[in-house]
Amino acid sequence: MTSVDMLRTPAALADAERWTAHNYHPLPVVIADGDGAWVTDVDGRRYLDCLAGYSALNFGHRHPRLIEAAHAQLDRITLTSRAFVHDQFADFCRGLAELCGTDLVLPMNTGAEAVETAIKVARKWGYRVKGVPDGRATIVVAENNFHGRTTTIVSFSTDPDARDDFGPYTPGFVTVPYGDLDALAAAVDDTTVAVLLEPIQGEAGVLVPPAGYLAGVRRLCDERNTLFIADEIQSGLGRTGRTFAVEHEGVVPDMYVLGKALGGGIVPVSAVAARREVLGVLKPGEHGSTFGGNPLACAVGTEVVKLLATGEFQRRSAALGAHLHAGLGALVGQGVVAVRGRGLWAGVDIDPALMTGRQACERLAERGVLAKDTHGSTIRLAPPLVVTEGDLDWALEQLAAVLREAR
Ligand SMILES: Cc1ncc(COP(=O)(O)O)c(C=O)c1O
């Protein structure tokens, strides 16, 4: 038998293909272990993880403090449901509220659930506080948004792959071009209860809005008595070099929507955080989740908040991000057409004449770098914030080699 015949990857891939619905198109890599910024596949090959679970692994794989918090909680109690209060709940909610500089937190599990929560809260706030006539509430969203996959959320997606064939669609959403304040001003009216935006559009290709846009959205929402909901699920919790991406423009939204890294890469943890006048509109029985805010989630989430409270990860992201962007900038004209992003987050447009984003990711994977394509020729780089400068230099060398081989 040749060594190729002994590889476990092909059979593992075939099995996954045989038994699962096709909602993703994964790279042909079967991961078995992870540690920090690195993972190992079933055949012992090592990869630098430059996707970090779409920012769910900001603290890397199995961060010792997060694993310790999870282990300790596993030995005590894991689930109570929200029918009872447990001893991890208040600490998590207080810690996260303080991190957000706001009053209240409502924990959920996945990002989409947190977005759904924000939509419900905004609508109720619109009816009960703003005085919008019953059933008329609208929420303004941006073109090319990505907020999740539920039927309501895909109702306001502009991506045909995400939306087509899943109607009938939930009404009450108005779409405007991202980054265009005039279009936003024209769309906001007396029925608008919220503007829901990603401060940087991740899935769209790490699109950073024009300078002044987020501050302009904040002003407009203040003038028109409308909530500004920032979906920081991918951009938040240190990814861009700040705790939240809105901070780059000194903006405080009315509601933060958080997820991904909040669960420390261990459990799904999401949340909305807002002032009492906003989140306080929910009354018992109006919203819930069996697993939302469970003891294990709260124990891990509390440790995540403590890690962020040190500022260390934000500083690493800013400094290493500058290094990454300098390296990527040097590849513009060498097979890279454009680079965008902030902190340790980059959208890299590969020259479509050379290869697709998918091909670039496959070739990077062969060289030991895991990244993910989006929209044709763009690849996203979002390594864990524990990555080292040496790791980044090595990843940049691999990207340069992939481009060189294609030219
Ligand atoms: C900005 C943003 N919002 C919401 C979501 C949905 O999160 P989840 O997949 O946990 O439902 C994502 C996921 O990529 C996201 O990037």
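The ligand is surrounded by 15 residues, and the closest are Gly111, Ala112, Gly148, Ile233 and Gln234. Helix H5 (residues 111-130) gives the largest share, 3 residues. Helices here are DSSP runs of H or I with at least four residues, strands are E runs of at least two, and both are numbered from the N terminus. By class, the shell has 5 nonpolar, 7 polar and 3 charged residues. Ala, Val, Leu, Ile, Met, Phe, Trp, Tyr, Cys and Pro count as nonpolar; Asp, Glu, Lys and Arg count as charged; the others, Gly among them, count as polar.

The model is predicted: local features need pLDDT of at least 70, side-chain atom pairs count only at pLDDT 80 or more, and totals for chains, interfaces and linings use all residues. Numbering starts from 1 along each chain as its sequence is written.

Now the seven-strand sheet. It is open and mixed, with 7 strands in the order E4-E10-E9-E8-E7-E5-E6. Strands pair if DSSP finds at least two bridges between them. Strand E4 (104-108) and strand E6 (173-176) are the edges, each pairing on one side only. From one strand to the next, the twist averages 20 degrees.

Look at the E8-E9 step. These two strands are parallel, with 3 bridges. Aspartate 231 has valine 257 in E9 as its bridge partner. Helix H9 (residues 213-223) packs on the sheet and touches strand E7 (192-197) and E8. The direction of H9 makes about 145 degrees with that of E8. Axes are lines fitted to C-alpha atoms, for helices over the stretch in contact; angles run from 0 to 180 degrees between N-to-C directions.

E9 is covered on both faces. Met255 and Val257 sit on one side, Tyr256 and Leu258 on the other, and all are buried. Buried means 20 or more other C-beta atoms within 10 Å of the residue's own, exposed means 12 or fewer, and partly exposed is in between; C-beta atoms are placed from the backbone. Side chains in a regular strand alternate between the two faces of the sheet.

The next step is E9 to strand E10 (residues 270-274). They run antiparallel, joined by 4 bridges. Tyrosine 256 is bridged to alanine 273 in E10.

Not counting residues up to four places away in sequence, phenylalanine 244 touches Glu232, Gly236 and Tyr256. Contact means C-beta atoms, placed from the backbone, within 7 Å. Phenylalanine 244 counts as buried because it has 24 C-beta neighbours inside 10 Å. Leucine 79 is 165 residues from phenylalanine 244 in sequence, and their C-alpha atoms are 29 Å apart.

Aspartate 103 and alanine 273 are 170 residues apart in sequence, with 7.5 Å from C-alpha to C-alpha. Aspartate 103 is in the loop between helix H4 (89-100) and E4. Its contacts, not counting residues up to four places away in sequence, are Ala97, Arg275 and Arg276. With 14 C-beta neighbours inside 10 Å, aspartate 103 counts as partly exposed.

Finally, the wider chain. An automatic or database assignment gives domain 1 (4-62 + 312-406) and domain 2 (77-309). Their C-alpha centres lie 27 Å apart. In domain 1, 27 residues are in contact with 23 residues of domain 2. On the domain 1 side, two or more residues each come from helix H2 (52-55), helix H12 (312-329), strand E11 (336-341), strand E12 (346-350) and strand E15 (378-381). H12 gives the largest share, 5 residues. That side has 11 nonpolar, 13 polar and 3 charged residues.

There is also an open, mixed sheet of 4 strands, ordered E1-E2-E3-E13. Strand E1 (31-35) and strand E13 (369-370) each have a single partner strand, so one side of each is left without a neighbour in the sheet. E1 pairs with strand E2 (residues 38-41) in the antiparallel sense over 4 bridges. Isoleucine 31 stands opposite aspartate 41 in E2.

Conventions
Contact = placed C-beta atoms within 7 Å. Near = placed C-beta within 6 Å.
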